[in-house]
Amino acid sequence: MAELIEFETDRLRLRQWQESDFEPFAALNADPQVMEYFPEPLSCQASDEMAKKIRSLIMERGWGFWGVEAKGAEAFIGFCGLHVPTATLPFSPCVEIGWRLSSAHWGKGYASEAARGALHVAFQHLELPEIVSFTTAGNQRSRRVMERIGMKYSGEFEHPSLPKGSLLRPHVLYRLRREQWDAKA
Ligand SMILES: CC(C)(COP(=O)(O)OP(=O)(O)OC[C@H]1O[C@@H](n2cnc3c(N)ncnc32)[C@H](O)[C@@H]1OP(=O)(O)O)[C@@H](O)C(=O)NCCC(=O)NCCS
């Protein structure tokens, strides 16, 4: 078990998952707007399994897709953080940065704020050489977060976990090397 990394930003707390996060996480995973760029919304059981897997990876490594809480409200609003993709991708091995927030909390800059904090952990604390991020080409909201936090567009690839012919299969890749990172981005 590694030393647990948790941190705060101006408005958010990124932390290990709690049992009470499972219910709001299932609700956001069932929301078709949140899951627009995924194959389908998740059942409650699939959502719980995902939360448990994320929690155990944080326990193992000390970092991962942290639960995101809005300060003051003390409420779980989604996840953001670092992850080693399970699929072998054209640019593997790699560490990705990713996010998924409840739609009630979009448009407030929370994803970008949380992601900047995660980049700080990745580069300053873990001293990783590079972070990647990728999403299906049409997911403009997610691409805007990548651009806002200073990641550089680096071309397209076909995601091997999605079936050939699926509209979600063409993905865009963004990368950021430690020496390109600007903590003020
Ligand atoms: C991707 C996702 C996290 C982006 O959320 P978001 O709210 O658009 O992104 P941010 O939190 O960075 O917020 C930025 C928006 O908030 C606005 N904003 C409001 N107050 C702000 C503030 N104080 N600071 C910064 N931005 C602010 C910005 O103007 C921007 O709006 P715009 O996109 O219309 O220009 C969200 O759409 C989501 O969870 N999607 C579903 C899951 C998903 O697709 N994940 C990615 C899979 S790879």
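## Basis of the model

Helices (H or I, at least four residues) and strands (E, at least two) are DSSP runs, numbered from the N terminus. Glu-23, for instance, sits in helix H1.

The model is predicted: local features need pLDDT of at least 70, side-chain atom pairs count only at pLDDT 80 or more, and totals for chains, interfaces and linings use all residues. Residues are numbered from 1 along each chain as its sequence is written, and side-chain values use heavy atoms, with hydrogens and water left out.

## Helix H2

H2 covers residues 44-61, 18 residues in total. From first C-alpha to last, H2 reaches 26 Å, close to the 26 Å expected at 1.5 Å a residue. That expected span is 1.5 Å times one less than the number of residues. Gly-62 follows H2, and its phi is positive, near 95 degrees.

Burial in H2 is one-sided. Ser-47, Ala-51, Ile-54, Leu-57 and Ile-58 are buried. Here buried means under 20% relative accessible area, exposed over 50%, and partly exposed in between (1.4 Å probe, protein chains only). Viewed down the axis of H2, the buried residues fall within an arc of 125 degrees, so they line one face of the helix. The arc is taken over the directions from the helix axis to the C-beta atoms. An α-helix has 3.6 residues a turn, so residues three or four places apart point the same way. On the other side of H2, Gln-45, Lys-53 and Glu-60 are exposed. The cover over the buried residues of H2 includes helix H1 (22-29), strand E3 (65-70) and strand E4 (75-83).

Glu-23 of H1 is exposed, at 69% relative accessible area. The C-alpha atoms of Glu-23 and Asp-48 are separated by 8.3 Å, with the two residues 25 apart along the chain.

Ala-2 lies in the segment before strand E1 (7-8). Ala-2 counts as partly exposed, at 29% relative accessibility. Ala-2 touches Met-59, Glu-60, Arg-61 and Gly-62, leaving aside residues up to four places away in sequence. Contact here means heavy atoms within 4.5 Å. From Ala-2 to Ala-75, the C-alpha separation is 26 Å across 73 residues of chain.

## Strand pairing

E1 pairs with strand E2 (residues 12-15) in the antiparallel sense, over two bridges. Two strands pair if DSSP finds at least two bridges between them. A hairpin of three residues joins E1 to E2. Glu-8 has Arg-13 as its bridge partner in E2. E2 also runs antiparallel to E3, joined by four bridges. In that pairing, Arg-15 stands opposite Gly-67 of E3.

E4 and E5 run antiparallel too, joined by six bridges. The bridge partner of Gly-78 in E5 is Leu-101. E5 is mostly covered, with six of its six residues buried. Glu-96, Gly-98 and Arg-100 point one way from E5, while Ile-97, Trp-99 and Leu-101 point the other way.

The peptide bond from Ser-92 to Pro-93 is cis, with omega near 0 degrees. Pro-93 sits in the loop between E4 and strand E5 (96-101).

Glu-127 has a positive phi, near 55 degrees, although it is not a glycine. Its place is the loop between H3 and strand E6 (130-136). Glu-127 is exposed, with a relative accessible area of 52%.

Which of the 21 residues around the ligand come nearest? They are Gly-107, Ala-111, Ser-112, Asn-139 and Arg-148. A residue is near a molecule or strand if one of its heavy atoms lies within 4 Å of it. A polar backbone atom of Leu-101 is 2.8 Å from an oxygen atom of the ligand. For Tyr-110, a backbone N or O atom lies 3.0 Å from a ligand oxygen. For Lys-108, the distance from a polar backbone atom to a ligand oxygen is 3.3 Å.

Ser-112 belongs to helix H3 (residues 110-125). Ser-112 is buried, at 3% relative accessible area. A polar contact of 3.1 Å joins its side chain to that of Arg-148. A polar contact is a pair of N or O atoms within 3.5 Å; within protein, one must be able to donate a hydrogen and the other to accept it, and residues adjacent in sequence count only if both atoms are side-chain atoms. Ser-112 touches Val-145, Arg-148 and Ile-149, not counting residues up to four places away in sequence.
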